[in-house]
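Subject: Structure for your files

Hello,

Here is the structure I said I would pass on. My notes on it follow below.

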Amino acid sequence: MVNLKQAFLNWMHGIKSPLADAEKILTSPDGTLSVKVSLRQGHISYSVMKGEATILRDSKLGLKLKNFRELGDHLAAVRITEKSVAETWETVWGEEHFIVNAYNELALYLTEITRDKHLFTVRFRVFNDGFAFRYELPPQPAFSRVEIEDELTEFNVDLNSDSWSIPAYQPDRYEYNYEKKPVYELEKSVHTPLTIGLKNRYYISIHEAALYNYGEMTLKLDEWKTLKSDITPLSDGIKARVELPFSTPWRMVMIAGSPIGLTKNHIMLNLNDPPTEDFSWVKPLKFLGIWWAMFVGEWTWAPGPRHGASTQHAIEYIDACRRLGLTGLLMEGWNGGWEGDWLQNGKTTDFTLAQPDCDLPGIARYARATGVELIGHHETVGFVDNYESQLENSYKYYSDLGIHYIKPGYAGSMMVIQGKREFHHSQLGVLHYQKALELAAKYHICLDVHEPIKGTGIERTFPNLLTREGARGQEYEGGALSPSHATILPFTRLLSGPMDYTPGIFDIKNDVKRLSSTLARQLAYYVTIPSGMQMAADRPRFYEEVNPGAYKFIHDVPVNWEHSVPIMGAIGEYYVVARQERGGHDWFVGGVTNENAHKVRVPLNYLEKDATYTAEIYRDHETAHFRDNPLAISIETTQVTNQNFIDIWMAPGGGFAISLHKNEQV
Ligand code: NOJ
Ligand code: CA
């Protein structure tokens, strides 16, 4: 329980006469990045420099509370504090085993010099590779809850810079193709991470960390042509209703000298809190799914003669998991109450009722005996009211059956919450996703959320959030995905955390969902698109019968990493990354290109010195092309050391994967 009076007295501690004007420069631990925070004539703002280069010009800060004047234009500083932190922490799973968290912090304790006398704190953190700040409303005598009408945060960036974005407030949520355009064209709101290439050659990505109990921050130009926060509203226009004390999510900007530099950034995770309970029960995994067969029309989600989620299919797929070395099976379309049409009937879905041909307890028993984890599925279609009324029961049902993984889905253009239509990324949407995540943790269940709220690093605090969708994934193949998409994701969406892209489709030339990809590229995704739950999305016969040689890579590749080494990339053109297996000695490299062929020389200097490795190289055959020859793959084995390079040619729409198994020393 927060002792509000004590918290208020702490906030007021040491107050002397307020400072009307103040200016403070906060630098990064390595001294190269500086944030200047200014309080002038009652207004608070900040600007950012990297050495001599301008990152952001003077940018306004503030909040607008309902029924009050702007909290940001009649301020005085009552106290300014500074501190430094340098620590290394261990992740439960992810792209890095250990992460360095080093920053300098400045907090300005502010009061209004008007009748309202609101108190608030702006806290800045400056890292070597970015900075962040947030607003904090401490307990205060005058009021205990507020309605936030607007957030006035500016990111005053050079308008001529290039940017890569997806539009906000759209029916398909985050599932859009990225558009490259100058910042001066961002007149409509876009989601973050918003990646921007400045004219001075620095690359930045504006995002937020630790999004709880607040509308998501989108960005757009205001009427003065300044890039400004646009917090997703509730259906009545209010951005958030909160009780004090309250802190907004962190507004953060990652900064690097190149696009590939952005992909090494960890400030989002650093800005989230460590877990408060033991999550050692969380286990990342690779899984098959009763899923793609529905997309290509072999089976159906709906009950009927070709129903996918039948007991018989589940048993067959569990046996296939065992043979293929996969530890999970997703089963979609097992439950009832929606009579075959999710979108129409989602409000009556029953999350504990199985279809007659699906003996869920029997399947769960068989899975357990076989050593395979069953992954439950909840398609809510955004009917949150219906889902929440069954949430605890349905999680308990799975937990009683020994099911420790769920893929919840929120297809549907809006959510229905408290009887109103709300955006998925509104405060009420955020609260729902959080409620589900915390309840899942209580039942030791891991989540793979589809149609989620975007990632803001909360998987540091709740590591049972193993992955999410939140971007256009492979379900959009069959016309709506171009090869460049996967070369943009690492520099945009993937900066916000793991993604379930549903990789591993080997049946590329099928008539319904023809892929814009070569076969080798499908393997690359397991390294280029990290995910705590990684799907082998095709039907098992394509792995076992059609291409067992290529499947070996999916079998071998881990889902949990010791260390990641981004190697090279250009946004929308190509991307190459190497990762080391967590707790192991083997390395895995993946690369993807856009619709153009691309040659790369892959360095191996991250391998252990004086060791030799067996390299298995899965690459596009010289005749491969995503349009007319996607299946042409060359698989070869060679011996390498950290002195070698591997030269690779990626076909148009192609890619490659390499596994580097350390040889036993003799
Ligand atoms: C949307 C999800 O993204 C997809 O993976 C799923 O199959 C459908 N919803 C149906 O649940
Ligand atoms: Ca989706």
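A polar contact here is a pair of N or O atoms within 3.5 Å; within protein, one must be able to donate a hydrogen and the other to accept it, and residues adjacent in sequence count only if both atoms are side-chain atoms. On that basis, an N or O atom in the side chain of glutamate 451 is 2.7 Å from an oxygen atom of ligand 1. For tryptophan 291, a polar side-chain atom lies 2.8 Å from an oxygen atom of ligand 1, and for histidine 377 the distance from a side-chain N or O atom to a ligand 1 oxygen is 3.2 Å. The protein covers 92% of the 290 Å² of accessible area that ligand 1 has on its own (Shrake-Rupley method, 1.4 Å probe; for residues, only the protein chains shown count as cover).

As to conventions, this is a predicted model, in which local features need pLDDT of at least 70 and side-chain atom pairs count only at pLDDT 80 or more, while totals for chains, interfaces and linings use all residues. Residues are numbered from 1 along each chain as its sequence is written, chains are lettered from A and ligands numbered from 1 in the order in which they are written, and side-chain values use heavy atoms, with hydrogens and water left out.

Glutamate 175, in the loop between strand 11 (162-165) and strand 12 (179-182), and glutamate 475, in the loop between strand 29 (465-468) and helix 10 (485-488), are 300 residues apart (helices, H or I, of at least four residues and strands, E, of at least two are DSSP runs, numbered from the N terminus). Glutamate 175 and glutamate 475 are both buried (under 20% relative accessible area; exposed is over 50%, partly exposed in between; 1.4 Å probe, protein chains only).

The structure holds 34 aromatic pairs (Phe, Tyr and Trp rings, the six-membered one for Trp, with centres within 6.5 Å; planes under 30 degrees apart are stacked, over 60 edge-to-face, the rest tilted). Tryptophan 291 and phenylalanine 295 form an edge-to-face pair, 4.8 Å centre to centre with 75 degrees between the planes. Tryptophan 291 is buried at 2% relative accessible area, and phenylalanine 295 counts as buried at 17%.

Regards
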